[in-house]
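This report describes selected features of one protein chain.

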Amino acid sequence: MSEVKLPVEDSEQIAEILSDAQFEDGLGGDGRKPDIPSEISLLPLRESVIYPMLIAPLSVSRESSIQLIDESIAGNNRVIGVVSQKRPQDDAPGEDDIYQYGCAVIIRTLVKMPDAVRLIVQGISRFKITKVIGETPYLKAQIEVLEEPQPDPESAEEIEALRRSVAGLFEQAIRLSPTLPDELRSLTQAVQETNVMADLVAAHMTLSLEDKQKILEILELKPRLHALLEMLSKEVRVLELTSKVQSEVNVELNKSQREYYLREQLKAIQKELGEYEERGEELDEIKEKIDSSNMPEEAAKEVSREYDRLRRMSPGSPEYTVARTYVDTMLAMPWNITTEDNLDLHHVQAVLDEDHYGLEKIKDRIIEFLSVRKVKTTGTIRQPILCFAGPPGVGKTSLGKSIATAMNRKYARLSLGGMRDEAEIRGHRRTYVGAMPGQIVQALRRAESSNPVIILDEIDKLGNDFRGDPSSALLEVLDPEQNNTFRDHYLDVPLDLGKVFFITTANRLDTIPAALRDRMEVIEIGGYTEAEKVEIGRRHLVPKQIEEHGLSKKQTSFQVEAIRHLVRHYTREAGVRNLEREVGAVIRKATRMVAEGYEGKITINKKFVESSLGAPRFLQDAVVERDLQPGTAVGLAWTPVGGDVLFIETALMPGTKGLIVTGQLGDVMKESVTAALSYIRSHAKSLHIDPTIFEKSEIHVHVPAGAVPKDGPSAGVTMLTAMTSLLKNERVAKRLAMTGEVTLSGHVLPVGGIKEKVLAAQRAGVTTLLLPEENEKDYMEDVPDDVRAKLQTYFVKRVDQVLKYAFLKEVPTHK
């Protein structure tokens, strides 16, 4: 170490030396300056600048610097150069590590210590390094001595004004700074030379190394005073602000002390009355929890206000319970408690795959979100708000729990089905008796985390009545732009929901208000194929049911063919709930055998399934079971519980009523029948239909399962095909089904729910499909390859294409 700043305890001594010094033309009593050689040894200083006429102590410990001092004294040359290092941490500074301007000093006193050399030096004159001529064993350089220029007489008044301003600010800084001794006040009066006064003020102020070096490098007096004045002004402002902050802290401390004394007196009074023992310790514990809760400022202010009311109230007061419940609720909220997301993408993928088979879209979305979390390490990350829409039993709710587990987040679930009161979401105001926070707040409290995964189940089944509309309250909860300041009526403070991962589930989207639907990222989950159901049964349902019924793998073996037999002949559904029930029924039979003493391993095969459940419920495919007479066609429909096949039946009879439609059809479906009949009548000639038949006959269109309401335009082409088949008395091709909206001009328009409809058709035994041409992309993207391989699919654009394929005796192999 080359130089250490002057210790605080020595500041007053040096101030006295400076005050008593005789600053004449020379540096000592002899009245002359020492000669400064053109080549000089350089002593690098750390975080310090020495000016001409300044007396300063130095402590030298670096070996090269000690050698420099020793050789200078031995050579009877007490004049050396001191320069500041640019980086204090450099132990061996070179030419590029020091400033080009320094100060020649004379060594006044030297004392050798065991670990360092202590000396007192006095500055002589500024110099500029012109050339470094050596770096070992210490720095040597050729220098140009910079003499102090004489000030311009015309600037004398301005210089005097600058001097007085500097002196005034320096005195103000001494008054405000606790580190500057009061003895320095006389410095500006004792030193007559303005240039020396400016240098000494810069030396003693707590300026940065760069600012002090800047003053050293300015040779002209007026610019030097301007620069110093600017630095002093900034430092004084900082000192004033520091003093103000300390004063405010002291005032606040005094206020806190006063409150402490008053509370202690209040405790003493309560002890005398016998009240403190009952609840004093309890209230103290609450106060400690409030202080350590780290809740936001507004929440802390509100709960402190309620706590103060609580202390003043008698426990017998009705308001006491209300205030206490509110404080407990606020303390139970996880204001700043979060769980760290698991950003190991391979682990998350493995957990999701282990818990659920298929559902690749949702898994990809979760991995994408965690990828953003992994890459974006700063700023706010918007949490996705997902809506899983699909038929019952496909794993929407259980997938939410699996996502929470994979991400290492807490999990909470709210069932919105049948909820009609807005207060269930926003909470009740505390003015009501029995007021409670809303379900969102309660879910956060149960999760004990401010960033859980919250499942809002059955969001499509929300109701509304005179108590409000819960779906409107959810608009704020599910809006990332608003939910960071969600205000529950009970808490009445802003609550940040921006860290919560919301997942909603629904069976259908049309019952969700448009504004609410727009806030969610909808991911549709279609029904499962037969192969997927078999795989889900093998991986998840069978092991789960075996464990729930107390059996082990050593006691029973469930064959894959038995699962396939259950799927094909005992269930027809989009999900796997009924399949799980049937698996459970079969395993119960096996459990009974074990309970009755059977000791061998039970193998569950097709024969065991039939003996347990009885004869298969679906022996043949639904389409094969029906005898499709002329006038009958097979359509496809989408329902909230998956796809289904529709059998459109028509009959021709004498009469003049025209068209009769039955089967509890909605208005849109009735209009589709009318549009189809109008197309047939307008194209009767090209369809080889007698036009007079419409004048003397009635056409009855019926859709079986009359107790089930039906609506939608997607059965338009099926209606048209069925009526054409009736009027031409020709059968529709076997195992053929179709869907699509028809127009009066004969165009076939696209429809929705393609995956569910195709899966329903395949389950029902359909082998040939007619789909709108614009739905080809949905078919290729959503329908699994193994299902497409079993179907002959034609994409049609006009009605004449539909009729061409519908009445072929043998449909050509074309895909």
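## Helices and a salt bridge within one of them

Helices are DSSP runs of H or I with at least four residues, numbered from the N terminus. The model discussed here is a predicted one.

Helix α3 covers residues 156-176 and contains both glutamate 160 and arginine 164, which stand four residues apart, about one turn of the helix. The side chains of glutamate 160 and arginine 164 form a salt bridge, with an N to O distance of 3.1 Å. Glutamate 160 has a relative accessible area of 33% and is therefore partly exposed. Arginine 164, at 61% relative accessibility, counts as exposed.

How many salt bridges does the count come to? The count comes to 34 salt bridges. One of them joins arginine 365 to glutamate 521, whose closest N and O atoms are 2.7 Å apart. Arginine 365 belongs to helix α12 (residues 360-375) and glutamate 521 to strand β13 (residues 521-524), so this pair ties together parts that are 156 residues apart in sequence. Glutamate 521 is partly exposed, at 32% relative accessibility.

A salt bridge also links aspartate 479 and arginine 519, with 3.5 Å between the closest N and O atoms. Aspartate 479 is found in the loop between α16 (470-477) and β10 (486-487), and arginine 519 in the loop between α17 (514-518) and β13, so the pair ties together parts that are 40 residues apart in sequence. Aspartate 479 is buried, since its relative accessible area is 12%, while arginine 519 is partly exposed at 25%.

In soluble globular proteins, nonpolar side chains tend to be buried together. In this model, the largest nonpolar core has 56 residues, of which Ile50, Leu119, Val166, Val201, Met205 and Leu228 touch the most other members. Helix α7 gives the most to this core, with nine residues. Apart from this core lies another, of 51 residues, which includes Met313, Leu444, Val500 and Met520.

Which residues does leucine 228 contact, leaving aside its neighbours within four places in sequence? They are Val166, Ala198, Val201, Ala202 and Ile215.

Leu241, Val245 and Val249 make a nonpolar surface patch of about 260 Å². Valine 249 is placed in helix α7, which spans residues 221-273. With a relative accessibility of 49%, valine 249 counts as partly exposed; the cut-off for an exposed residue is over 50%.

## An enclosed helix

Is valine 758 buried or exposed? Valine 758 is buried, because its relative accessibility is 0%. Valine 758 is placed in helix α26 (residues 754-763). Nine of the 10 residues of α26 are buried, so this helix is largely enclosed by the rest of the structure. Among these buried residues are Lys755, Glu756, Lys757 and Gln762.

Not counting residues up to four places away in sequence, valine 758 touches Leu769, Leu771, Tyr779, Val783, Val787 and Leu791. Just after α26, glycine 765 takes a positive phi of about 95°.

## Backbone features in loops

Threonine 136 and proline 137 are joined by a cis peptide bond, with an omega of about -5°. Proline 137 is placed in the loop between β5 (117-134) and β6 (140-146).

Two residues other than glycine also take a positive phi: for asparagine 408 the value is near 65°, and for glutamate 448 it is near 55°. Asparagine 408 lies in the loop between α13 (396-407) and β8 (411-415) and is partly exposed, with a relative accessible area of 44%. Glutamate 448 lies in the loop between α15 (439-447) and β9 (453-457) and counts as exposed, at 52% relative accessibility.

## Cysteines

A disulfide is a covalent bond between the sulfur atoms of two cysteines. The count of disulfides in this model comes to zero. Cysteine 103 is buried, at 0% relative accessibility, and cysteine 387 is buried with a relative accessible area of 0%.

Notes. Residues are numbered from 1 along each chain as its sequence is written. This is a predicted model: local features need pLDDT of at least 70, side-chain atom pairs count only at pLDDT 80 or more; totals for chains, interfaces and linings use all residues. Side-chain values use heavy atoms; hydrogens and water are left out. Patches are made of residues with over 30% relative accessible area and no salt bridge: like charges are joined within 9 Å, nonpolar side chains (Val, Leu, Ile, Met, Phe, Trp, Tyr) within 5 Å. Accessible areas come from the Shrake-Rupley method with a 1.4 Å probe; for residues, only the protein chains shown count as cover. A salt bridge is a side-chain nitrogen of Lys or Arg within 4 Å of a carboxyl oxygen of Asp or Glu. Helices (H or I, at least four residues) and strands (E, at least two) are DSSP runs, numbered from the N terminus. Buried means under 20% relative accessible area, exposed over 50%, partly exposed in between (1.4 Å probe, protein chains only). A nonpolar core is a set of buried Ala, Val, Leu, Ile, Met, Phe, Trp, Tyr and Cys residues joined through side-chain atoms within 4.5 Å. Contact means heavy atoms within 4.5 Å. A disulfide is a pair of cysteine sulfur atoms within 2.5 Å.
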